[in-house]
Amino acid sequence: MTNHALSGRAAIAGIGATDFSKDSGRSELRLAAEAVTAALADAGLTPADVDGLTTFTMDNNTQAAVARSVGIPQLKFFSHIGYGGGAACATVQQAAMAVATGVADVVVAYRAFNERSVSRFGQFSTALASAPTSSGIDASWSYPHGLGTPAAQVAMVARRYMHVYGATSEDFGRVAVTDRKHAAVNPDAFFYGKPITLEDHQNSRWIAEPLHLLDCCQESDGGVAIVVTSVERARDLPQRPAVITAAAQGSSADQYVMTSYYRDALTGLPEMGLVGDQLWAQSGLRPADVQTAILYDHFTPFVLMQLEELGFCGRGEARDFIADGAIELGGKLPINTHGGQLGEAYIHGMNGIAEAVRQVRGTSVNQVPEVQNVLVTAGTGVPTSGLVLSADQAA
């Protein structure tokens, strides 16, 4: 642990989730309440212990409503972070900041929605392009050209990356195959028991070239919650603490939401590079100190770019880095051991944070041996965030 003001001051003491499905049959508020209740039970705490709640945009459950539904009597801290999935790790960052500064004692970060059965985030939204807001103005430049879905927007960057570095669709497919392999043995994953081959990936239909269907994450119903408290208090609770060794956010030059096409290179994710620089500086660690990583995988090309931005390999080298099973269990850097958003569920990265906690605890269904540090990233292509979670050396 370094002397950074945040590093090692807070820990994740509990995780909870609903089932992951394509039609939950419950309201989004009920999903949130179920996830928060499960996380508190996992931590050995009660609603009366909670004095903070945090979530992020596109979650329709207000903190006050969740508190009322769960039975939390009062809140001293609540926050709502922007940029959708890019804020997943930032919820834990803000919770840790509140705990470290004494603003709150126990903060729960949550995310719950019926994204598959009600709100299809992956579809075209004409309302956004005509909205009298800064986001509407941004969208008005790309929507008329057919770039109105996340897949179409990412496809532009993916094609440029392929042109410059020689990456192929098969390279992207190896990420999908790995995620589905891990999901196939995870009973909580939507695609439990359903691995795919590279041939399956290549034969899946085009969504927006060069992205196949199996390059794009699923849409899910469900909820996840994460309990953050001080390291000292976490040590007295039932679960092994996952210490928050580093937490960061990042937005880089010429940042737009999924369409940062004005950048000269258009071959990377500089906001993730900014997050990575902060994570390494805060933690005093380097990529070689990480035993496993949970990389936000809404689209497979961005997983390769993240490996490069975070320093696991050089520019354009990710396709070689992931060859020969390197990112599978038993490889040099296993990723997304829960199956990722491609295989387990798309809860905007919150289920990935929960998996990182399980890796630190030693309870993952695809457990990596002797885990000391796990790196987690949030949504890419947008302003983003990341975490390093570590085993408690005093435990």
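**View 1. Arg-111 sits over the ring of Phe-56.** Arg-111 lies over the face of Phe-56, 3.9 Å from the ring centre. Here a charge is over a ring if NZ of Lys or CZ of Arg is within 6 Å of the ring centre and within 35 degrees of the ring normal. Lys-332 lies over the face of Phe-321, at 4.4 Å from the ring centre. The model is predicted: local features need pLDDT of at least 70, side-chain atom pairs count only at pLDDT 80 or more, and totals for chains, interfaces and linings use all residues. Residues are numbered from 1 along each chain as its sequence is written, and side-chain values use heavy atoms, with hydrogens and water left out.

**View 2. Tyr-161 and Tyr-165 form an aromatic pair.** The whole structure holds five aromatic pairs. Rings of Phe, Tyr and Trp (its six-membered ring) pair if their centres lie within 6.5 Å; planes under 30 degrees apart are stacked, over 60 edge-to-face, and the rest tilted. Tyr-161 and Tyr-165 are edge-to-face, 5.3 Å centre to centre with 70° between the planes. They are four residues apart in helix α6 (residues 150-165), so about one helical turn separates them. Helices (H or I, at least four residues) and strands (E, at least two) are DSSP runs, numbered from the N terminus. Tyr-161 is buried at 1% relative accessibility, while Tyr-165 is partly exposed at 23%. Buried means under 20% relative accessible area, exposed over 50%, and partly exposed in between (1.4 Å probe, protein chains only).

**View 3. Leu-375 belongs to the largest nonpolar core.** A nonpolar core is a set of buried Ala, Val, Leu, Ile, Met, Phe, Trp, Tyr and Cys residues joined through side-chain atoms within 4.5 Å. This core has 54 residues; Leu-295, Leu-307, Phe-312, Leu-333 and Leu-375 touch the most other members. Helix α6 gives the largest share, eight residues. Beyond its neighbours within four places in sequence, Leu-375 contacts residues including Leu-279, Trp-280 and Leu-387. Contact means heavy atoms within 4.5 Å. A second, separate core of 44 residues includes Leu-387 and Ala-391.

**View 4. Strand β11 pairs with β8 and with β10.** Strand β11 (residues 384-391) has eight of its eight residues buried. Two strands pair if DSSP finds at least two bridges between them. β8 and β11 run antiparallel over eight bridges. Ala-242 stands opposite Ala-391 in β11. Strand β10 (residues 373-377) is also antiparallel to β11, over five bridges. Asn-373 has Ser-390 as its bridge partner in β11. Six residues lie between β10 and β11 in their hairpin, and Gly-381 in the turn has a positive phi of about 90°.
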